[in-house]
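Please consult the sequence and the structure while reading.

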Amino acid sequence: MQAMAGAPAADTLISANAVDYLIIALYFVFVLGIGVMARRAVSDSIDFFLSGRSLPAWVTGLAFISANLGAVEIMGMSANGAELGISTVHYFWVGAIPAMLFLGVVMMPFYYGSKVRSVPEFMFRRFGTGAHLVNALSFALAQLLIAGVNLYLLGSIVHALLGWPLWVALLVAAAIVLSYITLGGLSAAIYNEVLQFFVIVAALLPLTLIGLHRVGGYQGLRDKITEFAGSAPASAAVPPADQQLQSWPGEALSGFTSPFWSVVGIVFGLGFVLSFGYWTTNFVEVQRAMASNSISAARKTPIIGSFPKMFVPFIVILPGMIAAVLVKEIGELKAGGTPPGGASGEGVKYNDSLLLLMRDVLPNGLLGVAIAGLLAAFMAGMAANISAFNTVFSYDLWQRYIRKDHSDDYYLRIGRLATVGATVIAIFTAIVASSFSNVMDYLQTLFGFFNAPLFATFILGMFWKRMTPTAGWVGLSAGTLSAVVVAFLSKDAFGSVSRGVIPLEGQGAAFVAASAAFVVDIVLSVVVSLVTQPKPVSELRGLVYSETPRKDLVDPMEHRLPWYRRTLPLAGISLVLVTILNFLF
């Protein structure tokens, strides 16, 4: 594909016809229509930022997953599947489900019951200004960087479809997302996320089934991966077939050569630190649950989301594995080659796996659905980042530190302006994301920087009443800095740059950086707490587990619901299912 402006349609990566374009156009009509309708429900800032806390659990549960079903899930996980194989499922079955259940059962009652408007605001109530400011600033920066990832991949799809220069595709994609968030706020984002969830499944399920049929079913896929791994040149460093086809011990993913340390890295670094840090403290996800209409619905939001989440690997990781043996360019890349073309026009990358598989196996019509599904995924991810950013910027930064005590209409206007500003900045951060062959490397590094130390501060502060406000900001700052240092010392922590002081490949560098952040944060927080003054116990109700009455943490009416609509039974079923999946694969 030509990277020059004005590349003819015949040279685009994907050959769509009029039927495909019609399907895509209809999808965009629905997206913008939802934004227009949601605008009618926006009368104040709580409506704009938190949907007036009025949505049922099934809506927020699907939005909870769809908000995460952006670049990380679609392109990043399919890229991982193509490069590393089935061990990528750890990001779901170890690195998501347990933390989502913990969020619903343990942490959502604190968030929802305290009526805070954001996660940084909870930090303010627990630890005061220092920790709040560090958290708000780091979160805002992270959302701008991650929104850029989603926007870059969204622009890549437009570029691949129409042959437009990437910068034009970025502007058009950004304008569409900006339109519906500015119109309808969080409600528009959430209802679009529910629509987008079904569009994504409708797009990726046929791709997976047709791809499996082409390679002779799952056994045929296993045979072809085994054959490829055996014939690949040693210089390509292709993981052995058993590492690509078995999730445990997962050396291909972790970068550790020792099976024992690989399991430790995945369970502690990914399954505990990165996972709990992301799912329990990331306002992008928590915001969806905060929009629920009751504490019971808020608790069930991540639990309901866990059921589709555990089956997402079958429609994102499997297509990547199929692409590695079915798509000529991905096979050449994996064997150490540098095939030209790709979505960027600057050479094929693992991020192109889904696009190239779509090109090779989908007929027109289904191709239009698949393209709409990818567009939906990236818009859902970017919209989630932007809607979380505008809330934190407006409430936690602007209102608290710059302009206090203004009217509600004033902060509503600030939120809309923040949406515009964040979208413009995301265009530039998208250019940063474009330099990575596998965006998962970039994203996991960011999560290690921002989420791991925040989780350490949260979990210690929530269960240890002696932790002090000074310890909150000291531990958070030091943990973040330690993650940055470890990442810079790690081989391959930033794309292809090799520093080699900590010789790790794959995403193991991110696991180690996150683990270092967690340990440093915990140790420093304990030490500083022992020599500084804690908050009075009387101020810790609703903020610390031991000081919060049980009646504040549960919905008194939930016992009237059928067992399958209660929080704990639902969480138990989810935990049993994900345990079975870990044993099967």
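E558 has a relative accessibility of 12% and therefore counts as buried (buried means under 20% relative accessible area, exposed over 50% and partly exposed in between, with a 1.4 Å probe and protein chains only). The model is predicted: local features need pLDDT of at least 70, side-chain atom pairs count only at pLDDT 80 or more, and totals for chains, interfaces and linings use all residues. Residues are numbered from 1 along each chain as its sequence is written, and side-chain values use heavy atoms, with hydrogens and water left out.

E558 lies in the loop between α23 (508-531) and α24; helices are DSSP runs of H or I with at least four residues, numbered from the N terminus. The C-alpha atoms of E558 and I295 are 9.5 Å apart, although 263 residues separate the two along the chain.

Helix α24 also packs against α6, at an angle of about 170° and with the axes 10 Å apart. The two helices are therefore roughly antiparallel, a term for angles over 145 degrees. Axes are lines fitted to C-alpha atoms over the stretch in contact, and angles run from 0 to 180 degrees between N-to-C directions. Contact means heavy atoms within 4.5 Å.

| Helix | Residues | Residues in the contact |
|---|---|---|
| α6 | 97-113 | I97, L101, G104, V105 |
| α24 | 567-584 | T567, L568, A571, S574, L575, V578 |

The largest nonpolar core has 181 residues, and I74, Y111 and M358 have the most contacts inside it. Such a core is a set of buried Ala, Val, Leu, Ile, Met, Phe, Trp, Tyr and Cys residues joined through side-chain atoms within 4.5 Å.

Note on methods: Angles under 35 degrees count as roughly parallel, over 145 as roughly antiparallel, 65 to 115 as roughly perpendicular and the rest as oblique.
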